[in-house]
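This report goes through selected features of one protein chain in running text.

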Amino acid sequence: MKILSIQSAVAFGHVGNSAAVFPLQRIGVEVLPVHTVTFSNHTGYGAWRGPMIAPDDVRDVITGVEERGVLPHIDAVLSGYQGGEGIADVIVEAVAKVKAANPDAVYACDPVMGNAKSGCFVAPAIPELLREKVVPVADIITPNQFELGYLTGTEPADLESTLASVDAATAMGPSVVLVTSVERPDREEGTIEMLAVDGQGAWLVATPRLPLKANGSGDVTAALFTAHYVETGDARLALERTVSSVFDLLQNTLDSGERELQLIQSQEAYANPRLQFTAYRVR
C-alpha cells in the first residue's frame, strides 16, 4: 500500500507527518510525506520556529512525485491540519490527479479545526474551506465529535444525535466517517468512545479515558484508521485495530511522564495491536 500524506512536520516531537509516517511504515505502508510546514516543534508550546511552506512549493513537490510516475500506484491520499488557506486547493488538486491516475484511490481528510475544550483554533477561513472545498471530495473523514458538529452545523451529544450528525456529514460527500473523542452523556463513567460509520453500519468502541492531552494522537488515529480501512474494507476491524494501537501509545506516553508521544517506543502496538477492545454495532 502507498499513501501520499500531505501534512505538517516538526523536528522535535510528533504531530502531522511526524506522527503519521512511522506508524504507517511500521504496519508495512509505503508513505510519501509532503510537508506543509517545517516547524521546530508543535504550536502547543506557544513558541516555535521554522517556515510554513508556500502552497506553490507544496504543489511543486507533488508535481515532482507525479513526474516520477508514482500516482497510479497511490492507494490513498491523507491530509490533516491545514495551516494556511492556500493548502486546501493544493490538496484538492492532488486528490484529483491521484484519482485520475488510479480511480480506486481514496482520499482521507482529518478536518482539524479544534476540540471541545479549546474551541476552534484554526484560522477563521479554514472551517469554511473544509466544508465547501475539501470534505465534499473526501471518501473518509476523521473528525472529533466537536469538529463533526462544527462541520455540519449540528450539536452531536448522545448516540442518536451523533449518528444524525454523521449522516449530515456523509450527505456532504464522504462515505466513511470516524468520530473520535465521543463523549455521550450516558457513556460509562471514566470512558471515552470512538465511532466508525460506513455503508455497512455503525460501530462504537469505548476505552478508559486517560488523564493526558497528547498532541498528535489524532494524526496517528487518522493515519492508522485510513490504512486499516483501505486494506480491509471493514470499519469494525479498522476501528478495533486503531483504538488498540492508539490506546497503548497513549498509555505508554502517560507512563513515561513525557509531554511528547512515545511514538517510537510504542511501535509494537501498531505492528501487533492487542485488540483488547471490542466494537459493537449501533446501527
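At 33% relative accessibility, Ser-181 counts as partly exposed; buried means under 20% relative accessible area, exposed over 50% and partly exposed in between, with a 1.4 Å probe and protein chains only. The model is predicted: local features need pLDDT of at least 70, side-chain atom pairs count only at pLDDT 80 or more, and totals for chains, interfaces and linings use all residues. Residues are numbered from 1 along each chain as its sequence is written, and side-chain values use heavy atoms, with hydrogens and water left out.

Ser-181 is not a glycine, yet has a positive phi. Leu-275 is another non-glycine residue with a positive phi. Helices (H or I, at least four residues) and strands (E, at least two) are DSSP runs numbered from the N terminus.

| Residue | Phi | Place | Relative accessibility |

Strand E8 belongs to an open sheet of nine strands, ordered E2-E1-E3-E4-E7-E8-E9-E10-E11, with mixed pairing. Two strands pair if DSSP finds at least two bridges between them. Strand E2 (30-39) and strand E11 (280-281) are the edge strands, each pairing on one side only. Strand E1 (residues 2-10) runs parallel to E2, and eight bridges join the two. Ile-3 has Val-31 in E2 as its bridge partner.

Helix H4 (residues 125-134) has as its buried residues Ile-126, Pro-127, Leu-129, Leu-130 and Val-134. They cover an arc of only 160° around the axis, which puts them on the same side of H4; the arc is that of the directions from the helix axis to the C-beta atoms. Their cover includes helix H3 (87-101), strand E4 (106-109), strand E6 (119-120) and helix H5 (145-152). Contact here means heavy atoms within 4.5 Å.

The axes of helix H1 (residues 17-26) and helix H7 (residues 217-232) come within 8 Å and cross at roughly 35°. Axes are lines fitted to C-alpha atoms, for helices over the stretch in contact, and angles run from 0 to 180 degrees between N-to-C directions. On the H1 side the contact is made by Ala-19, Ala-20, Pro-23 and Leu-24, and on the H7 side by Asp-219, Val-220, Ala-223, Leu-224 and Ala-227.
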